Amino acid sequence: MLQEAAVNKEADVLGRRRLIADFTRLLLGGPESKDVEVRLASALINRIALEGNGAARVQELLPAWQRLATPDQSSESGDALRLAARQLLVDQLPQDAWGLVPELARREAPVMSTWTYQNEVMEFDIREGDLVLDVGSGGWPFRRADHLADKFPDHTTHRMEAMVRDGRAFFEVDIENLPFKDKEYDFVFCSHVMEHLDNPGKAMRELMRVAKRGYLEVPTRLSDVMFNFTRLKDHHRWHSVRQGKTLLLTEWNERERRELGNEFFNALHSEYSNQFQSFFERNRDLFFTSYHWTDRIEFLVIDKDGGIYDTSER
């Protein structure tokens with residue numbers, strides 16, 4: 001009797017294993033595949049089939065599995081399998097580890113770029129009829145600008161994207177010696193430029209000379225570290241923070257210039273939702289210093305040895 005029960009149990013296990021193999025082939029095109037989705041789906045089917053009454057449950061799920069496997073729904077199939085596999089993994093972990101498991105859900109839209117955020121979300125002290133200049137317009141010119149200006153109309157190590165010339169008046173300039181009259185512009189926009197310069201203080205004095213008001217944006221130390229910009233040769237020289245009304249720029253030293261990895265950069269630009277994207281979207285101010293000014297920019301520039309390189313008080 002005991003021997004018969006053991007034989008029946010073994011036959012049941014073998015039957016379930018054959019069922020698992022059959023469904024793996026049906027859904028995923030062969031158990032020999034090395035694709036991650038194959039292994040995840042196989043594990044999910046295995047869990048369902050080996051539970052109590054598992055074979056019957058799998059049979060009930062057959063129509064849904066077949067729909068997931070339909071070629072013209074491959075994207076939806078992949079998403080569904082990833083989400084099911086995620087839940088399978090979460091169920092095996094203690095609650096305090098759940099947050100470590102990626103969401104594995106596709107974003108409806110990418111994380112908003114700096115250019116999009118500036119042009120569609122931020123507000124500026126620009127009035128109707130104001131003449132607006134964008135200095136360092138590069139590949140992402142400010143939408144509200146009437147005139148564009150940049151030092152490098154062609155290739156440069158200071159810009160990843162191609163230069164954009166869209167029909168607006170364009171001037172090839174050195175920001176430390178701008179070819180414009182005093183207070184010629186009502187507003188000057190200058191985003192992600194100061195960190196590249198040898199003499200940012202001189203550049204800020206020129207911006208104050210040619211415009212009445214303006215906006216500066218400079219990456220913070222956190223931004224350059226997490227996005228691995230410190231490794232790039234001849235790219236960012238300074239990082240920033242705002243202390244009260246003062247824009248503080250500090251020079252990177254050579255010890256800090258090293259390869260840090262692209263894990264956070266890749267996470268930010270992933271098509272799948274993740275916790276770092278949420279953190280970035282909630283805390284943009286930790287990554288970029290925004291400095292709105294009228295009449296005067298208060299600044300302090302510190303060199304890599306801790307000395308005062310330049311100040312607005314000079």
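Glu 313 is exposed, with a relative accessible area of 61%, where exposed means over 50%, buried under 20% and partly exposed in between (1.4 Å probe, protein chains only). This is a predicted model, in which local features need pLDDT of at least 70 and side-chain atom pairs count only at pLDDT 80 or more, while totals for chains, interfaces and linings use all residues. Residues are numbered from 1 along each chain as its sequence is written, and side-chain values use heavy atoms, with hydrogens and water left out.

Glu 313 forms a salt bridge with Arg 296, the closest N and O atoms being 3.7 Å apart; a salt bridge is a side-chain nitrogen of Lys or Arg within 4 Å of a carboxyl oxygen of Asp or Glu. Arg 296 is partly exposed, at 36% relative accessible area.

Asp 182 and Arg 209 form a salt bridge with their closest N and O atoms 2.8 Å apart. Asp 182 lies in the loop between strand S3 (169-172) and strand S4 (185-191), whereas Arg 209 lies in helix H7 (residues 200-210), so the pair ties together parts that are 27 residues apart in sequence; helices (H or I, at least four residues) and strands (E, at least two) are DSSP runs, numbered from the N terminus.

**A network around Arg 213**

The structure holds 19 salt bridges, and a network of them links Asp 125, Arg 127, Asp 130 and Arg 213. Within this group, the side chains of Asp 125 and Arg 213 meet at 3.2 Å, N to O. Arg 213 counts as buried at 5% relative accessibility, whereas Asp 125 counts as partly exposed at 34%.
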